Amino acid sequence: MPALLALDHLDVTHGSQRALHGVSLGVPQGRIVTILGENGAGKSTLLHAVIGALPCSGSIVFDGRPIEGFDLEARVRLGLSLVPQQRELFGGMSVEDNLRLGRFHRSGSSQPMLREVFALFPRLQERRRGQAGTLSGGEQQMLAIGRALMGEPRLLMLDEPSLGLAPQAVSQILRAVVALRDNGLSVLLVEQNARAALRIADHGVLLEHGRVALEGSPEDIAADGRIVEAYLGLRGATA
Ligand SMILES: Nc1ncnc2c1ncn2[C@@H]1O[C@H](COP(=O)(O)OP(=O)(O)OP(=O)(O)O)[C@@H](O)[C@H]1O
């Protein structure tokens, strides 16, 4: 299956510190690829480089087109979307207005996508008039993902969507990610909750100190007990 996103020898430097060393990986159309790794491994750096928020060297090809020269807005228009770890919601605005903001770069009515987001996350429909800042952690993560979906992305990048959430909320979020994949969306999922991520992913990549240390099917990665114990932090995580 051709890769929708293909990274080749990506290098990123923060000041004098190299955060990514020649990272190559691909995200096939309609698949979930998960990136695992310890704190500081370079996972967020990778997502920020792909969306165009960090300068990098190497090649980034999206849907057959090199996009290294594209700025962030152009990449979003092409169909890349990032849900950052901090979610970056507007807490004083309503749920619905936060969602509408996700369509800033698209013309046409918000209604069809609003309906789709509410079908995926009925809880957001119930809370549509409420302030985003009053939502629970799980609801805020739904809203952050929903806002990204409003722009009709082709590649959804999620930076640790399970962070700080109760197991039930993690399950809900990951079930939604699977539903999106089953509907044809491509997903690049950064997670520290390796057990949960490997359960839903089609392919896994382990980053270590900014390098790809292991790559393969979720089964292959999960079967590597030594690496799982040492690096993936499977400490009874649930989903
Ligand atoms: N803005 C920055 N300036 C300087 N160094 C940075 C910056 N952002 C990240 N780093 C460093 O780059 C390396 C990779 O960080 P990154 O946040 O990408 O890791 P991560 O795998 O996402 O970790 P975490 O799970 O903690 O978010 C770390 O050593 C980090 O300290």
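Me: Into which domains is the protein chain divided?
Reply: This is a predicted model, in which local features need pLDDT of at least 70, side-chain atom pairs count only at pLDDT 80 or more, and totals for chains, interfaces and linings use all residues. Residues are numbered from 1 along each chain as its sequence is written. The bounds come from an automatic or database domain assignment. The protein chain is divided into domain 1 (1-79 + 155-239) and domain 2 (84-152).

Me: Which element gives the largest share of the side of domain 1 that touches domain 2?
Reply: Two residues are in contact if their C-beta atoms, placed from the backbone, lie within 7 Å, and the contact takes 17 residues from domain 1 and twelve residues from domain 2. Helices (H or I, at least four residues) and strands (E, at least two) are DSSP runs, numbered from the N terminus. Two or more residues each are given by α2 (72-78), β7 (155-159) and α7 (167-182). The largest share, five residues, comes from α7.

Me: Is S59 buried, exposed or partly exposed?
Reply: S59 lies in strand β4 (residues 57-62). A residue is buried if 20 or more other C-beta atoms, placed from the backbone, lie within 10 Å of its own, exposed if 12 or fewer, and partly exposed in between. Because S59 has 14 C-beta neighbours inside 10 Å, S59 counts as partly exposed.

Me: Which residues is S59 in contact with, leaving aside its neighbours within four places in sequence?
Reply: The C-alpha atoms of S59 and S24, 35 residues apart along the chain, are separated by 8.8 Å. With neighbours within four places in sequence left aside, the contacts of S59 are D8, H9, P66 and E68.
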